[in-house]
Amino acid sequence: MRENLQVFGVGFLLIVAGFVLAYQFVKPSPPKSITIATGSEAGAYYAYAQQYKKLLAKEGIELNIISTSGSIDNIQRLKAGAVDLAFVQSGTGQDYKNDVTDAGQALVSLASLYYEPLWLFMPASQTAFKATDLKGKRVAIGEEGSGTRALTQVLLANNGITEENTQLRGLATDDAAKQLASGELDYLFVVASVNAPLVQSLLADTTIIPFDFERAKAYTRRYRFLSAVELPRGVVDFSHDIPAKDVNLLSAAATLAGHEDVHPALVALLMQAINIVHSEGDLLEEPGQFPSQHYVDFPLDASAERYFEYGPPLLQRYLPFWAAVLVNQFKVFLIPLIALMIPLMKVLPPLYRWRVRSRIYRWYRNLREIEERMMQQDVSYESLSALKVELNLLQEDAMEQPTPLSYTDELYHLREHIKLVKEGIDNRLAAAS
C-alpha cells in the first residue's frame, strides 16, 4: 500500500491539481430566475413575455416580468442592473450603444423579433396625406420613456412639427385611444405589433383609419433601423375589407436586449423560446424572417451569434436544460483528465517497476558487498561471523518485504543467491576453525 501511495499518489495529486485548475474556468450554473422589462400590460411586449415565461418554466427557469412605460425606460433599467433582459424598439438604443450597466457590463442584443410599425391613426374624416398636415393639430405622441415618443419626435421634427406649433400630448396609449374615439384628439401615434389588441381594435373601428406613409422608403434611407412594410388590403378582416386599401407603414423592429453577463446557457435557451414564438411570421413578416440578427442597436451577444450561425447547442438539442448544463460543465474537467492521464499512463507503470526493482537491486548491491568482503584473503574468523549475521539480516529483510507477484521470480532468485553466498561464508568459517 505504501509503495502504491508513493508511486500512484503523485499521479493522483497531479490530477486533483488539474481539476482545481480547470474549475477556475468553469462557469457557474445559470440562475434559476431572470427578470425582463416589457412595456404596458396591454402591449405586445408583455404578451410575448408571457409566452416566453411558459416555455422557460418547462426547463425550470422562472421569468419575472416587469411592466414599464416603454423602450427608453427599459434601457434605463438595463443600465441600472434592475433587469436582466428588456424589450427595446430598434432605434431607441442608438444613443446608448456604447453605454454600460452600473456594474460595468456592456449592453448587448439577442435578436430582433418582429416588425413593429409606427401607426398613425386618425378619424376617417381627416384628410392628412403627408406628415406636415399634422401641424397645429392635437397629436398623441406617447408617454415619457416610451419608444413611440422617441421615434415620433424625430420624425415630426424632420417635418417641422414641434411643441411650439402643434399640441403634442404625452398620453398613455389606452387613454389616447379613448380621446381619439371621443374627438378630443386628432391623431394618435403608436408603435406596436399588428397583433397588439389596441391596434386590432383601432383597425376594426370603421370611424378610424391608419395613415398611409407613402414616403416610407425615404425615411428608411435616412434611418437605417427602420423598414418599409405594407399592410395589404383586406388582410385584417376580409369580410369587412379592413383595411380598405393597401397601407404603407414605416416600421421599427422589436428587439430583445440584455447585458453581457447573462449566462450563455440561458441565452441559448432564450433563443430557442424566441424562435418558437416568432419564427412563424404574421401579417407583415414571412415565416422564418424572424428572429433575426439585423435591426439591433447594441452589439450582438456572442452566444446569440453562435445560435444564429449553428443553431441550438448540441447538448440542448437532445438533453433537458439542466442535464445539458451539467454535462457542459463536466466537459471542462475532461480536459485535464485526458491531458494528464495519457502521459501518466505511460510514466507511472515504468516508475512503479523501477521502484520495485530498485529495492531488489539494493539487496543485490548489499549482497555483492558481503561477498566481496568474504572473498578477501586476510578476512578473519570474527569478520566472517559478522558477515554471516549481516547476511541473515539481509535475508530476513528480503523475506519480510511484500513484493508484487509479477516480481516473485526475481525475489526467489535473490534468495537462492543469498543461500549461495551463505554457503561460501560457512565454507570459509569451517576452513578458518
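**View 1. Helix 12 packs against helix 13 at an angle of about 165°.** In this predicted model, helix 12 covers residues 381-400 and helix 13 covers residues 408-432, and their axes lie 10 Å apart. Because of that angle, helix 12 is roughly antiparallel to helix 13. Angles under 35 degrees count as roughly parallel, over 145 as roughly antiparallel, 65 to 115 as roughly perpendicular, and the rest as oblique. Axes are lines fitted to C-alpha atoms, for helices over the stretch in contact, and angles between N-to-C directions run from 0 to 180 degrees. Helices (H or I, at least four residues) and strands (E, at least two) are DSSP runs numbered from the N terminus. Residue numbers start from 1 along each chain as its sequence is written, and side-chain values use heavy atoms, with hydrogens and water left out. Local features need pLDDT of at least 70 and side-chain atom pairs count only at pLDDT 80 or more, while totals for chains, interfaces and linings use all residues.

**View 2. Helix 12 passes helix 13 in a left-handed crossing.** A crossing is left-handed if the near helix is turned anticlockwise from the far one by less than a right angle, and right-handed if clockwise. The residues of helix 12 in the contact include Tyr-381, Leu-384, Leu-391 and Met-399. Those of helix 13 include Leu-411, Arg-415, Ile-418 and Leu-429. Contact means heavy atoms within 4.5 Å. By class, the contact of helix 12 with helix 13 has 14 nonpolar, 3 polar and 5 charged residues. Ala, Val, Leu, Ile, Met, Phe, Trp, Tyr, Cys and Pro count as nonpolar, Asp, Glu, Lys and Arg as charged, and the others, Gly among them, as polar.

**View 3. Met-399 lies in helix 12.** Met-399 has a relative accessible area of 49%, so it is partly exposed. Buried means under 20% relative accessible area, exposed over 50%, and partly exposed in between (1.4 Å probe, protein chains only). Met-399 and Arg-415 are 16 residues apart along the chain, and their C-alpha atoms are separated by 8.3 Å.

**View 4. Helix 8 and helix 9 cross at roughly 45°.** Helix 8 covers residues 264-278, helix 9 covers residues 302-310, and their axes come within 9 Å. The angle is why helix 8 is oblique to helix 9. Helix 8 passes helix 9 in a right-handed crossing. Helix 8 contributes Pro-264, Val-267, Ala-268, Met-271, Gln-272 and Asn-275 to the contact, and helix 9 contributes Ser-303, Ala-304, Tyr-307 and Phe-308. The contact of helix 8 with helix 9 divides into 7 nonpolar, 3 polar and no charged residues.

**View 5. Pro-291 and Tyr-295 are in the loop between helix 8 and helix 9.** A cis peptide bond joins Phe-290 to Pro-291, with omega about 0°. Tyr-295 has a positive phi, near 70°, and is a residue other than glycine. Most residues other than glycine have a negative phi, and most peptide bonds are trans. With a relative accessible area of 28%, Tyr-295 is partly exposed.

**View 6. Pro-243 and Asp-241 are in the loop between strand 9 and strand 10.** Strand 9 covers 227-231 and strand 10 covers 247-259. The peptide bond from Ile-242 to Pro-243 is cis, and its omega is near -5°. Asp-241 is not a glycine, although its phi is positive, about 55°. Asp-241 has 27% relative accessibility and therefore counts as partly exposed.

**View 7. Strand 1 pairs with strand 2 in the parallel sense.** The pairing runs over 5 bridges, and strand 2 covers residues 62-66. Two strands pair if DSSP finds at least two bridges between them. Ser-33 has Glu-62 of strand 2 as its bridge partner. Strand 1, residues 33-37, is mostly covered, with 4 of its 5 residues buried.

**View 8. Gln-179 is in helix 5.** Helix 5 covers residues 173-182. Gln-179 counts as buried because its relative accessibility is 18%. Apart from its neighbours within four places in sequence, Gln-179 is in contact with Arg-169, Leu-171, Glu-184 and Leu-185.

**View 9. The chain has 13 helices and 10 strands.** Of its 433 residues, 44% count as buried. Among contacts between residues at least 6 apart in sequence, 77% join residues at least 24 apart.
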